[in-house]
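Morning, everyone. Please put the model up on the screen. I'll talk about contacts between side chains.

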Amino acid sequence: MACRGVFFAIDKKTAKRLRKISRSLIVDYVQEKIEEVYFDKHVNRVAETDKAWDAIQRAFSESLLEFAPTTGAYPANAIILGGEILYGNREGEDDYIISLKAPDMVSDICGFLSTLNEERFRTLYFKIDAEKYDFSVDEQDFEYTWEWLDGTRDFWKNAAKNELYVIFTVDL
């Protein structure tokens, strides 16, 4: 179980195609048509979060991992599990997550991240309920999480500037 999260900035045509694909086929499509191509040919449209995606979501949604989060404040709570859930929120879909964010949400997230600093994120991170999180809520994990989150800023800027959709994927 890798559990490594990745963002991909995709065009409208690809987003439309993803919405039409059967849920039973979408993971294969993402792995074969998006992951393989984007890592090789569109590196500026890929941002990895490694396993930090979990803490990022929890920091922005009051320690919860929930789809289309209602806890926390938008757009921060939408970075990982916000948007349209294409896979992962139904019975039998416990192996992968795919969430899709439309360009307006991408722009909102980009704006939020442009104002987020390490001190503010530290406050949110250290409010994570350790009993709900599978890792230690400590300085080492904070640094790891902040580094991965901070490393996505240029990705979000590029996606917002080009009015792209963003999918978040993670193999569980």
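By how many turns are E118 and R122 separated in helix α5? About one, because the two are four residues apart in that helix, residues 118-125. Helices here are DSSP runs of H or I, at least four residues, and strands are runs of E, at least two, numbered from the N terminus.

Some ground rules. This is a predicted model, where local features need pLDDT of at least 70, side-chain atom pairs need 80 or more, and totals for chains, interfaces and linings use all residues. Residues are numbered from 1 along each chain as its sequence is written, and side-chain values use heavy atoms, without hydrogens or water.

Back to our pair. E118 and R122 form a salt bridge, with the closest N and O atoms 3.9 Å apart. That term means a side-chain nitrogen of Lys or Arg within 4 Å of a carboxyl oxygen of Asp or Glu. E118 is partly exposed, at 31% relative accessibility. So is R122, at 27%. Buried would be under 20% relative accessible area, exposed over 50%, and partly exposed is in between (1.4 Å probe, protein chains only). Salt bridges with shared partners join E118, R122, E139 and E143 into one network.

The count is nine salt bridges. Take E84 and R19, at 2.7 Å between the closest N and O atoms. E84 is in strand β3 and R19 in helix α1, so this pair ties together parts 65 residues apart in sequence.

Now D54 and R58. Their salt bridge is 2.5 Å, N to O. Both lie in helix α3. D54 is buried, at 8%, and R58 is buried, at 8%.
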